Amino acid sequence: MTPVAALLLIVGLVAVATIAGVVVARRDGRARRVASGSLDLSGLGIDTGESATLVLFSTEFCARCPSVKRMLRDVAGTASGATFAEVDLTHRADVASRLRIVQTPTTFVLDAAGEVRARFGGVVSRHSVTAQLDHITGAHHAHA
Amino acid sequence: MPTPDAAPRGIDPRGPRFAAGITAALLLIGTFLAAIGTSAHAGQASIVQRLVDPGFIVLLVVDLLFAWSLISPRTQPWSVLFRRVVQPRLVPPAELEDPRPPRFAQGVGFTVVTVGLVLHAFGVPWALVIAGAAAFIAAFLNAVFGLCLGCQLYLLLARAGIVGRSAARA
């Protein structure tokens, strides 16, 4: 290869890697609406809240889970009637397949009936979770 | 019945990303040198020419650094550089990271580059360029976006019970 062609290869490589990184990073923490009744959470020992429940799916290897857990706990604490629950999937691959969880952290937002209404894959911002909570409970929260 | 091993002490998650940044730069240089060197027509070059190819040498150095980080992570140059020069200038990390997935990722990098080096030594054309490019993409994604492909692979294997605690009991 000539040096110029090699340089173009290098530039192309960096460009491809950058695009791939941006695409994957943008998908992190985006809410996805869930068809009601499509996900079965029975048997996981989740205590549902009166108005909503935030469920965090984590594993022991999940480096980013602790910060998401703290944030979700805090959001649930400041929202009336909302509770927080965590499900450890380290040894429960069957649960992960059943609920189609492919990454941790994954967060589910449940409504008052305990149905999954929205899910976030990856690290989710407080703002996104609060917005979903507000939407589901129809309430207005003061943002911290 | 073997006792399950507890998760090892956590590491500053910025350490592996710092190392990945330096590694990515070296891999880019090595890939460039390989592209302008004998890799494109490795079959026609003599074995000596293939082994003294600058791309081969740079990628060999990168490979040795991967091996170093697997054998003795704390003495590895980028690890030392991070702890002595970079880390003191940063605020303490919000969380510590399980070191096993990033370590596994180093192993994946080592494997990919080693395969490229060996194939190149045997005269397979483009092997060096492709291996260097693949390893670069993984290192770059880790350094710039914090995405660790090797870690994801580790998690998939851990869920299948091939590595980690479940494997120890199996």
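Trainee: Across the interface of chain A and chain B, how many residue pairs are in polar contact?

Mentor: The model is predicted, and side-chain atom pairs count only at pLDDT 80 or more. The pairs found here both meet that level. Across the interface of chain A and chain B, the number of residue pairs in polar contact is two.

Trainee: How many salt bridges does the rule find across the interface of chain A and chain B?

Mentor: A salt bridge needs a side-chain nitrogen of Lys or Arg within 4 Å of a carboxyl oxygen of Asp or Glu. Over all chains, the whole structure has five salt bridges. Across the interface of chain A and chain B, the count is zero.

Trainee: What area do chain A and chain B bury between them?

Mentor: The contact draws 27 residues from chain A and 27 residues from chain B. Of the area buried between the chains, 71% is on carbon and sulfur atoms. The area itself is about 2,300 Å².

Trainee: Which three residues supply more of the area that chain A buries against chain B than any other three?

Mentor: Here the buried area is taken on the chain A side. The three in question supply 27% of that area. They are A:Met1, A:Leu13 and A:Phe61.

Trainee: Which element gives the largest share of the side of chain A that touches chain B?

Mentor: Three helices of chain A each supply at least two residues of that side: H1 (3–27), H2 (65–78) and H3 (93–98). By class, the side of chain A that touches chain B has 19 nonpolar, five polar and three charged residues. The largest share is 14 residues, and the element that gives it is H1(A).

Trainee: Staying in chain A, which residue forms a salt bridge with A:Arg126?

Mentor: A:Arg126 is in helix H4 (residues 126–137) of chain A, and its partner is in helix H2 of chain A, 52 residues apart. The closest N and O atoms of the pair are 2.5 Å apart. The partner of A:Arg126 is A:Asp74.

Trainee: Where is the cis peptide bond that ends at A:Pro105?

Mentor: A:Pro105 is found in the loop between H3 and strand S4 (106–110) of chain A. A:Arg100 lies in the loop between H3 and S4 of chain A as well, and its phi is positive, near 55 degrees, in a residue other than glycine. The cis bond has omega near 0 degrees and runs from A:Thr104 to A:Pro105.

Trainee: How much space lies in the largest cavity?

Mentor: The count comes to one cavity of 30 Å³ or more. Its lining includes B:Thr23, B:Phe66, B:Trp78 and B:Gln106, and H1 and helix H3 (54–71) of chain B each give two or more residues. By class, the lining has six nonpolar, three polar and no charged residues. The space in the largest cavity is about 70 Å³.

Trainee: How much space lies in the second largest pocket?

Mentor: The pocket is lined by 23 residues, with B:Ile11, B:Pro73, B:Arg74, B:Ser79 and B:Pro99 nearest its centre. Helices H1 (14–36), H4 (77–86) and H5 (100–121) of chain B each supply at least two lining residues. The lining has 10 nonpolar, seven polar and six charged residues. The space in the second largest pocket is about 760 Å³.

Notes. Residues are numbered from 1 along each chain as its sequence is written. Chains are lettered from A and ligands numbered from 1 in the order in which they are written. Side-chain values use heavy atoms; hydrogens and water are left out. On a 1 Å grid over the protein atoms alone, a cavity is a set of points where a 1.4 Å probe fits but cannot get out, and a pocket is an open set with protein on both sides within 12 Å along at least five of seven lines; lining residues have an atom within 4 Å of a point. Grid points are joined across faces, edges and corners, and a volume is the space filled by probe spheres set on the points. Helices (H or I, at least four residues) and strands (E, at least two) are DSSP runs, numbered from the N terminus. Ala, Val, Leu, Ile, Met, Phe, Trp, Tyr, Cys and Pro count as nonpolar, Asp, Glu, Lys and Arg as charged, and the others, Gly among them, as polar. Contact means heavy atoms within 4.5 Å. Buried area is the accessible area (1.4 Å probe) that two parts lose on being put together, summed over both. A polar contact is a pair of N or O atoms within 3.5 Å; within protein, one must be able to donate a hydrogen and the other to accept it, and residues adjacent in sequence count only if both atoms are side-chain atoms.
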